Amino acid sequence: MQFWLIQTLNSIAFGGLLFLLSSGFSLIFGLMRMPNLAHGAFFMLGAYFGATFMNWGANFWIAALLSGLAVGVLGVILERGLLRKLAGNAQGQVLVTLGVSFIIADVCLMVWTGDPVPVPAPQWARPPMFLMGYAFPTYRLVVLVIAVIAAVLLYLLMERTRLGAMIRAGVDDMEMARGVGIRVSLLFMMVFMLGAALAGLGGTIGGPIMQAYPGLDADMLPLALVVVILGGVGSLMGAFVGSFAVGFIYNFGTALFPDFAYVILFLPMVAVLVLMPEGLFAGSRQ
Amino acid sequence: MRIDRRSVLKGIGAGVGVAALGAPAVRAQAKPVRIGFMTVKTGPLASGGIQMEQALNLYLKERNNMMAGVPVELYTVDTGGAPAVARTKMQELVERNGIAAMIGPLSTQEALALDDYIRETKTPTISVAAADDMTQRRANPWFVRVTSTSSQCAQVMGDYAAKDLKYKRCSTIADDIAYGHEQNSGFQRVFEEEGGKIVQKLWPPLAVPDYGTYIAQINTKVDGMFAAFAGSNGFRFFRQFNEYGLKGKIPLLGGMTAFDESLLQQMGDDAIGLLSVNYYSATIDTATNKKFVAGMVRDYKVEPGYYGAATYTAGAVLEAALKTTGGKDDKQALMNALRTNKVEDTVRGPVAFDKYGNAVGNIYIRRVEKQNGRLVNAVIKTYENVSQFWKYNPEEFLKNPVYSRDYPPAKFLEN
């Protein structure tokens, strides 16, 4: 009983964290047709920024928003400064984002040293809470709530605003979107900023669970890839469902089949790639 | 301090100058000794690697860049922790720089990749790479380790848990790599032979994103839990362990890198009371160690831990060997000196070597305490002259397979 209850809660909470990580990745991938391999590094930067802002006295939520903003601005610089010059050359863009992720990782190492930096949770969320007599970390449930709020906001943005409509149009058919007068270049920049900002925000929010340490980027990037491949590229719904699916597969998989801990995440991904190459909720029609 | 060509030349100049004044120890023809230093300054292993470099720089600075009366030319390379890079860089050190000895590499993977090349080029190598077999079943005659094998410290913790803490039932959690396996099995073997039972073993992958799923499985009906982690994993595990309200319910016994000095200040007051085992502690009360710690705090604002102490000790052991050989250009003589010297006063205490090249020295049981507002690993018990074979006969010990995930088999596992 305890096993099932706690692991279920673990799965859902981890799914929430994964959604914060992968929604931005999915947005960028969907619109720009390139996996932003610096996404893990953005997440890591978010965690380090969050810890630093809190050290300077900011409260947890302010620190999270500031980190999102800072990483978002960095995303704009990257998009305008580097990716724009490689427009149409997806391979080049992938390599550039990979290179940028290495640069970010080494800069983090210089600034924050190799020792892990703790990211504190808000004071009130630190003691565990008791559910039916079993201890469960309060903060993980907070992350889940934040993820759900973020999902609703993103949904409203995509479905109810003009920007959202333009992004959807761009994901569906880039040429046609251009044809009806959408400024695709501006759109790219805004989406890249939004995606990066989500990663930065997610980094601070995920910080109290993951902590900030060198290598966090490389630990997180594959998770974003798995979620997006499972859920389908460019689809918010896909990222949402994919995140929770991966949360469950990961937690129950490693608990029930400990010998498969290494492949447990990738087996379902391979199956999906073979059976439904577009993912469970394909956002693209190309 | 970075050692560039200019400072090396100055060093040489100084050496010649002293000789001209008639100091008998330094002859005018005293050639500088070339030392290769292989560390990791980028990537996930950089935390330890950077501290290794700081400690070695401090060691040389305190000696005006001289060892055994000879100026030192230090060639530092960064491998990023990648075995293939380590191989190329070592070739560079040997063939281009003509080094007499090498300090490093940091990781076992790198050491394994270099094993053949070290033998082939007969390069005396002082490394922290902990894999048991590097100094056991596949001992490399050109390799010495001044620290501890993976299992050497863990075996001591097994004894301490059974005899001093009187624990009967323990669980274990360790990184699922050879380093974790060997620590875990060392603990298990001694603990069980002295009457304890290991009732649960958990193996999270090295790069596990989240320990929650493992923590939820922890068997709470135990006296303690042995935790053998590398790098920042011990820190992350500990934070999440507390998140789940387990702090104080299950005492944690840390392996040699789980609660390293480099992690301690970040762990916060929650860490007070944690026990761990190591070949070193920054609190060791000797003049040599106090000077070392003060130097590290002064120059780099860090308290040295596993990696810093390892390299500083490597410096001391190398210097002693150079004194024995008189700085003569003879790798075999240097290697013999490295292995047969007993160095009495290193920061970790006295160090001698067994015939496999591994250190025989003190192992410390430590408890996290707050002293003068800082968290420290205070020594609560010292085991003297501990060998990598614990109290077993080396020949008997080596007939068994190397410690692994399933060897020795755990007989008391429960679900």
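User: Which residue just after H6(B) takes a positive phi?

Analyst: The model is predicted: local features need pLDDT of at least 70, side-chain atom pairs count only at pLDDT 80 or more, and totals for chains, interfaces and linings use all residues. Residues are numbered from 1 along each chain as its sequence is written, while chains are lettered from A and ligands numbered from 1 in the order in which they are written. Helices (H or I, at least four residues) and strands (E, at least two) are DSSP runs, numbered from the N terminus. Just after H6(B), the residue with a positive phi of about 105° is Gly195(B).

User: How far apart are the end C-alpha atoms of helix H6 of chain B?

Analyst: The expected span of a helix is 1.5 Å times one less than its number of residues. For the 16 residues of H6 (residues 178-193) of chain B this gives 22 Å, and the model agrees, with the end C-alpha atoms apart by 22 Å.

User: How many of the 16 residues of H6(B) are buried?

Analyst: A residue is buried if 20 or more other C-beta atoms lie within 10 Å of its own, exposed if 12 or fewer, and partly exposed in between, with C-beta atoms placed from the backbone. By that count H6(B) is largely enclosed by the rest of the structure, because the buried residues number 14 of the 16.

User: Which residue of S10(B) is the bridge partner of Met225(B)?

Analyst: Strand S9 (residues 224-228) of chain B is largely enclosed, since 5 of its 5 residues are buried; Met225(B) and Ala227(B) point one way from S9(B), and Gly224(B), Phe226(B) and Ala228(B) the other. Two strands pair if DSSP finds at least two bridges between them. S7 (residues 169-174) of chain B runs parallel to S9(B) with 5 bridges, and S10 (residues 252-254) of chain B runs parallel to S9(B) with 3. Ser171(B) has Met225(B) as its bridge partner in S9(B), and in S10(B) the bridge partner of Met225(B) is Leu252(B).

User: Is Asn372(B) buried or exposed?

Analyst: Asn372(B) is found in the loop between strand S14 (359-371) and strand S15 (374-386) of chain B. Its phi is positive, about 50°, although it is not a glycine. With 5 other C-beta atoms within 10 Å, Asn372(B) is exposed.

User: What is omega of the cis peptide bond that joins Gly104(B) and Pro105(B)?

Analyst: Pro105(B) lies in the loop between strand S4 (101-103) and helix H4 (108-121) of chain B. For the cis bond from Gly104(B) to Pro105(B), omega is about 0°.
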